[in-house]
Amino acid sequence: MTMQDTHVSLAHGNGGRYMRELIYEIFARHLANPLLDTDTDAAVLPWDAGAGDLVFTTDSFTVQPIEFPGGNIGSLAVHGTTNDLAVAGAIPKYLSLGVLLEEGLEFAVLERVVAGIAAAAKEIGVVVAAGDTKVVRRGEGGGIYLNTSGIGVKDPSLVLGMDRIRAGDAVLVSGPVGDHGIAVMLAREQFGLRGDLKSDAASVLPLTRALAPLPGLRFMRDPTRGGLATVTHEIVQASGLGVALHEANIPVRDSVRSVCEMLGYDPYFLACEGRVVAVVAADAADRALAALRGAEGGDDAAIIGHVREQPARVVLQTSIGGERVIEELEDDPLPRIC
């Protein structure tokens with residue numbers, strides 16, 4: 001054990017260093033088995049039915065507020081879980097739904113949440129096949145928490161992983177980063193700020209299906225907790241290589257950038273819920289970019305950086321010609337964004 005903390009803090013759920021240490025040093029240490037891969041969002045299960053690899057994932061959702069511009073906790077749960085399957089190369093098929101309700105939740109809110117689940121599932125073509133509901137006393141929950149598990153099927157010939165990443169590979173993102181984190185914050189009306197920015201919460205399946213046939217595709221991930229910066233740190237830690245990001249190429253909406261500048265946030269650490277970060281071989285970068293831009297949700301896709309031998313860190317090449325080391329996330333920038 002190398003963890004120095006004696007109690008769980010909110011920072012242990014933010015996707016950064018503290019969460020990585022928590023997962024590696026407690027959960028993985030006790031639950032280690034050949035199927036458990038802490039570097040992926042979904043596990044490929046042994047399966048001999050001949051219809052493809054079976055891929056399994058699970059996720060929990062505690063976002064506050066329950067409803068926000070562009071979605072609610074229900075649609076977010078469906079998108080978040082199926083997106084984890086999609087970036088693993090799978091087509092989502094089935095979901096389970098665990099619901100934890102707090103006494104006092106308005107039925108009208110619950111109706112909207114469940115309608116959001118149904119609409120998102122229908123759009124993606126996934127079936128909610130099992131579920132469970134519990135109710136806790138008033139004051140013991142956040143209105144409603146959800147847990148969703150998902151099963152998808154993947155073509156066995158599509159092999160993805162951080163172990164396939166090589167120096168010289170290109171890094172792409174499918175659209176502007178930070179939308180979800182800022183939209184949720186504005187929905188809380190913190191700091192007296194208001195805005196019309198919407199969450200990017202959506203299915204990334206059209207994007208991943210567009211990339212899947214391309215030779216040279218190495219890895220895909222949806223940059224949720226900890227955002228783009230955390231995904232690139234995961235690449236560095238898993239590969240031992242470095243990642244150079246080009247500030248001028250990273251799409252960030254003006255409204256997101258303005259809020260970040262006012263409040264001291266870094267948009268690269270803010271959560272996205274409808275974006276894909278992909279790593280492809282250098283000679284496949286232009287084709288990957290064209291594939292993303294030709295898919296639903298990929299109009300603003302960009303090549304934002306590259307993998308290099310050294311230094312083994314994440315470095316931002318700034319618009320004015322300098323370099324800034326992007327450190328791993330420690331503090332929690334925005335609690336309960338998913």
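Student: A crossing counts as left-handed if the near helix is turned anticlockwise from the far one by less than a right angle, and as right-handed if clockwise. So much for the term; is the crossing of α4 and α7 left-handed or right-handed?

Tutor: The crossing of α4 and α7 is left-handed. Keep in mind that this is a predicted model.

Student: At what angle do the axes of α4 and α7 cross?

Tutor: At roughly 65 degrees, with the axes of α4 (residues 179–187) and α7 (residues 254–263) coming within 10 Å.

Student: Which residues meet there?

Tutor: From α4, D179, I182 and M185; from α7, V256, V259, C260 and L263. By class, this contact of α4 with α7 has six nonpolar residues, one charged and no polar ones.

Student: How many residues of α4 are buried?

Tutor: Eight of the nine, so α4 is largely enclosed by the rest of the structure. The buried ones are D179, H180, G181, I182, A183, V184, M185 and L186.

Student: What do they pack against?

Tutor: The buried residues of α4 pack against β3, α2 and α7.

Student: Other helix pair, then. How do α2 and α3 cross, left-handed or right-handed?

Tutor: The crossing of α2 and α3 is right-handed. The axes of α2 (residues 73–87) and α3 (residues 107–124) come within 6 Å and cross at roughly 35 degrees.

Student: Which residues make up that contact?

Tutor: In α2, I73, G74, S75, V78, H79 and T82 meet V113, G116, I117, A120, A121, E123 and I124 in α3. The residues of this contact divide into seven nonpolar, five polar and one charged.

Student: On to the sheet. What is the strand order in the open sheet of seven strands?

Tutor: The order is β9-β11-β8-β12-β10-β13-β14, and the pairing is mixed. β9 and β14 stand at the edges with a single partner strand each, so one side of each has no neighbour in the sheet. On average, neighbouring strands of this sheet are turned by 25 degrees against each other, direction ignored.

Student: How does β14 attach?

Tutor: Three bridges join β13 to β14, and the two run antiparallel. V315 has V325 in β14 as its bridge partner.

Student: And β11, which strands are joined to it by bridges?

Tutor: Strand β8 (residues 170–173) is joined to β11 by four bridges, antiparallel. Strand β9 (residues 217–221) is also joined to β11 by four bridges, antiparallel again. L172 stands opposite A278 in β11, and F219 stands opposite V279 in β11.

Student: Which way do the side chains of β11 point, and are they buried or exposed?

Tutor: V277 and V279 point one way, A278 and V280 the other, and all of them are buried.

Student: Which strands does α6 lie across?

Tutor: Helix α6 (residues 227–239) lies across β9, β10, β11, β12 and β13, and runs at about 150 degrees to β10.

Student: New topic: K154. Where is it, and is it buried or exposed?

Tutor: K154 lies in strand β7 (residues 144–154). Its relative accessibility is 6%, and the cut-off for buried is under 20%, so K154 counts as buried.

Student: What does the side chain of K154 reach?

Tutor: The backbone oxygen of L158, at 2.5 Å.

Student: Which residues is K154 in contact with, leaving aside neighbours within four places in sequence?

Tutor: V44, G52, D53, V55, A88, G89 and A90. K154 and A86 are 9.0 Å apart, C-alpha to C-alpha, and 68 residues apart in sequence.

How values were computed. Residues are numbered from 1 along each chain as its sequence is written. This is a predicted model: local features need pLDDT of at least 70, side-chain atom pairs count only at pLDDT 80 or more; totals for chains, interfaces and linings use all residues. Side-chain values use heavy atoms; hydrogens and water are left out. Buried means under 20% relative accessible area, exposed over 50%, partly exposed in between (1.4 Å probe, protein chains only). Two strands pair if DSSP finds at least two bridges between them. Axes are lines fitted to C-alpha atoms, for helices over the stretch in contact, and angles run from 0 to 180 degrees between N-to-C directions. Contact means heavy atoms within 4.5 Å. Ala, Val, Leu, Ile, Met, Phe, Trp, Tyr, Cys and Pro count as nonpolar, Asp, Glu, Lys and Arg as charged, and the others, Gly among them, as polar. A polar contact is a pair of N or O atoms within 3.5 Å; within protein, one must be able to donate a hydrogen and the other to accept it, and residues adjacent in sequence count only if both atoms are side-chain atoms.
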